[in-house]
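Please read them with the sequence and structure open.

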Amino acid sequence: MKKRKSEERFAYSVVSPALIIVFFVVIAPMVITLMYTFVNMDSTSTRTGQFMGLHYYISALSSAQFWADFGRTMYYTVLSTAAETIVGLLIALLLDQDFKGVKFLRAITIIPWAIPTVVNGSLWKLIFNGQYGVLNAILLRLHLISSYQSWLGDPGSAMNAIVIADAWKMTPLAVIFFLAALQGFNRATYEAAMVDGAGVFRRFWVLTLPYLKPTILIVVVMRTVEKFKAFDLFYIMTRGGPADGTKTLMYDAYLKAFTNLNYSQAATYAYLIAIIVVMLTVAYMKIMRKGSDELE
Amino acid sequence: MNLSKRKLRLRIVQYVCFAVVAVGILAPVVWMILTSVMYPKDLTSLPLKLIPTQVTFSRYAELFNDTNIDDAVYVFKGALLNSVVIATFVTLLSLVVGSLAAYGFARLKFHFKNGLMMLTLFTYMIPPVAMVIPMYLIFSQFGLLDKKSGLIVLYLSFILPFIIWVMQGFFGSISKSFEEAAEIDGASRLQTLIYIFMPIARPGAIATGILAFLMSWDEFFYSLVFTSSLNAKTMPVAIAEFNGKFTIDYGMISVAGVIASLIPVLITLFFQKYIVMGMTSGGVKE
């Protein structure tokens with residue numbers, strides 16, 4: 001009994017420095033922000049301090065602006081997560097093979113991931129530049145476009161440009177996860193299937209893909225959470241423009257807080273983002289679990 | 001089809017893929033490096049020359065020699081130094097504080113253990129913009145605005161949960177017999193942690209330490225909100241300011257980009273094995 005007590009005391013003394021930092025810096029502000037979503041904290045309002053109930057949630061969810069932001073966030077999230085997962089898987093399959101030079105390729109694959117996000121944003125802004133950009137120069141030379149395009153100046157192509165910049169930097173992360181999983185894969189099964197005459201695509205579909213399912217889930221969930229919180233690339237490349245074309249929920253929350261000083265609206269957006277992220281995470285897990293049950 | 005022909009075909013496919021992937025990865029990086037050494041007239045030439053006929057290192061020289069405090073270039077240098085200081089402190093502090101907590105979560109029994117762990121992990125779901133306004137008020141109360149120490153505390157707040165999560169995985173996998181043997185030898189709990197657990201978990205500590213450094217090197221949002229001068233401004237904010245200027249000097253941005261990428265790219269290439277281990281053990285432990 002005495003030993004138990006001393007263990008508990010020791011345990012609290014080792015975990016408390018970390019917990020104190022996390023509590024004061026993150027959890028206390030998180031709770032205060034939650035209060036902001038129920039109380040009028042909009043400094044431009046005359047009714048500051050008034051309790052508003054669910055007013056901010058209702059007005060956000062019934063505004064066209066919120067759903068437009070949501071649509072753009074989903075577009076960005078789905079497209080870039082799919083690109084990273086699929087391209088990442090293909091590259092991992094290549095890197096898992098044995099040929100001369102594969103070690104070199106494995107080493108350089110991680111480079112984009114190591115480049116700071118802000119540098120990545122500047123780099124792609126330079127590539128997509130409408131006046132002097134190298135993308136325009138290459139596409140023109142290949143006769144794929146007839147004149148220089150303003151890639152970041154058009155609402156539709158600006159979002160795609162951000163997706164490309166993001167996927168370029170983050171695909172290596174997916175590659176690392178898939179490669180680590182593939183290297184733990186039992187080759188004997190694979191070779192047995194080869195002897196049985198199963199073709200490359202069939203082997204991939206029946207053996208490799210089900211085996212990688214948990215890793216795919218991890219990559220997709222991890223990336224989705226990050227995408228909903230993404231800010232840096234949007235700030236560097238487009239600042240939500242042109243014509244709101246790249247205004248995501250997160251970027252709109254930032255604008256509400258720092259440009260319009262509508263703290264309550266910003267806080268509500270932030271909590272709605274968190275709720276959506278939690279819901280998506282749970283949904284993914286359900287889908288994947290259902291999928292693996294069917295297999296057994 | 002005979003086997004060698006099939007093998008040859010496989011090799012061709014492999015090397016075509018190899019070329020596509022290598023070009024995809026390297027071309028943007030090479031373009032950034034090229035831009036940093038191209039003459040302005042070449043950068044704005046139409047049609048753009050993809051391979052410059054002459055190069056200049058004058059921008060790099062300018063970066064080293066500039067002493068005018070109002071220049072964006074000078075600000076970038078100061079911010080780079082701040083980034084080094086902040087990332088180093090965050091790495092060391094988060095390893096010490098995080099390993100202690102991870103040991104507690106992995107090996108000891110105490111009330112509310114699971115609840116506290118879940119709460120720590122939940123903070124990861126909430127976007128920082130949700131916390132930043134009350135944080136700002138709290139930090140101004142404590143005089144931590146525009147201070148390196150303020151940013152260090154902020155960075156610890158999101159790096160610690162990550163370190164705890166990964167390190168408790170490492171500690172959790174260590175056999176119980178080590179603990180029992182140490183106890184029989186009369187070692188205290190702290191001694192057991194320092195002399196038995198830390199050496200075994202050292203690869204994990206190296207891996208998480210590197211990731212902690214890279215995470216603070218890359219952080220942008222908190223630095224943007226919480227710093228206003230060279231007291232604490234970090235590299236990413238300085239680079240963002242380059243972009244904000246109405247006459248954008250892409251050559252200079254590329255110089256800054258190359259220099260800012262040098263440290264993380266070299267660390268990553270050098271410690272690739274550890275980074276892969278740190279990242280995958282963090283994710284796979286779901």
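At what angle do helix α3 (residues 64-95) of chain A and helix α8 (residues 155-183) of chain A pack, and how far apart are their axes? Point 2 gives the values, after a word on the model.

1. Basis. This is a predicted model, in which local features need pLDDT of at least 70 and side-chain atom pairs count only at pLDDT 80 or more, while totals for chains, interfaces and linings use all residues. Residues are numbered from 1 along each chain as its sequence is written, and chains are lettered from A and ligands numbered from 1 in the order in which they are written.

2. α3(A) with α8(A). The two helices pack at an angle of about 40 degrees, and their axes are 6 Å apart. Axes here are lines fitted to C-alpha atoms, for helices over the stretch in contact, and angles run from 0 to 180 degrees between N-to-C directions. α3(A) and α8(A) are therefore oblique to each other; angles under 35 degrees count as roughly parallel, over 145 as roughly antiparallel, 65 to 115 as roughly perpendicular and the rest as oblique. Ala, Val, Leu, Ile, Met, Phe, Trp, Tyr, Cys and Pro count as nonpolar, Asp, Glu, Lys and Arg as charged, and the others, Gly among them, as polar.

3. α3(A) with α10(A). Helix α10 (residues 200-228) of chain A packs on α3(A) at about 145 degrees, with 10 Å between the axes. This crossing is right-handed. On the α3(A) side the contact includes T73(A), Y76(A), T77(A) and S80(A), and on the α10(A) side it includes V220(A), R223(A), T224(A), K227(A) and F228(A). Two residues are in contact if their C-beta atoms, placed from the backbone, lie within 7 Å. By class, there are five nonpolar, six polar and three charged residues.

4. T77(A). The cut-offs are 20 or more other C-beta atoms within 10 Å for buried, 12 or fewer for exposed, and in between for partly exposed, with C-beta atoms placed from the backbone. Leaving aside neighbours within four places in sequence, T77(A) is in contact with T224(A), K227(A) and F228(A). T77(A) and V220(A) are separated by 143 residues in sequence, and their C-alpha atoms are 10.0 Å apart.

5. α8(A) with α10(A). This pair packs at about 155 degrees, with axes 9 Å apart. α8(A) and α10(A) are therefore roughly antiparallel to each other. Their crossing is right-handed. M170(A), A174(A), F177(A), F178(A) and A181(A) of α8(A) meet L212(A), T215(A), I218(A), V219(A) and R223(A) of α10(A). By class, this contact has eight nonpolar, one polar and one charged residues.

6. Chain A overall. Chain A has 13 helices and zero strands; helices (H or I, at least four residues) and strands (E, at least two) are DSSP runs, numbered from the N terminus. The radius of gyration is 24 Å, well over the 19 Å that the globule rule gives for 296 residues, so chain A is more spread out than a compact globule. That radius is taken over C-alpha atoms, and the rule is 2.2 Å times the number of residues to the power 0.38. The C-alpha atoms of chain A fill a box of roughly 80 × 75 × 35 Å along the principal axes. Of the 296 residues, 42% count as buried. Among contacts in chain A with a separation of 6 or more, 69% are between residues 24 or more positions apart.

7. Chain B overall. Chain B has 14 helices and zero strands. The C-alpha trace of chain B spans about 75 × 75 × 35 Å along its principal axes. Buried residues make up 43% of the 286 residues.

8. Interface. How many residues of chain B are in contact with chain A? There are 74, and they contact 71 residues of chain A. Helix α1 (residues 3-37) of chain B gives the most to the chain B side, with 13 residues. By class, that side has 54 nonpolar, 15 polar and five charged residues.

Methods:
A crossing is left-handed if the near helix is turned anticlockwise from the far one by less than a right angle, and right-handed if clockwise.
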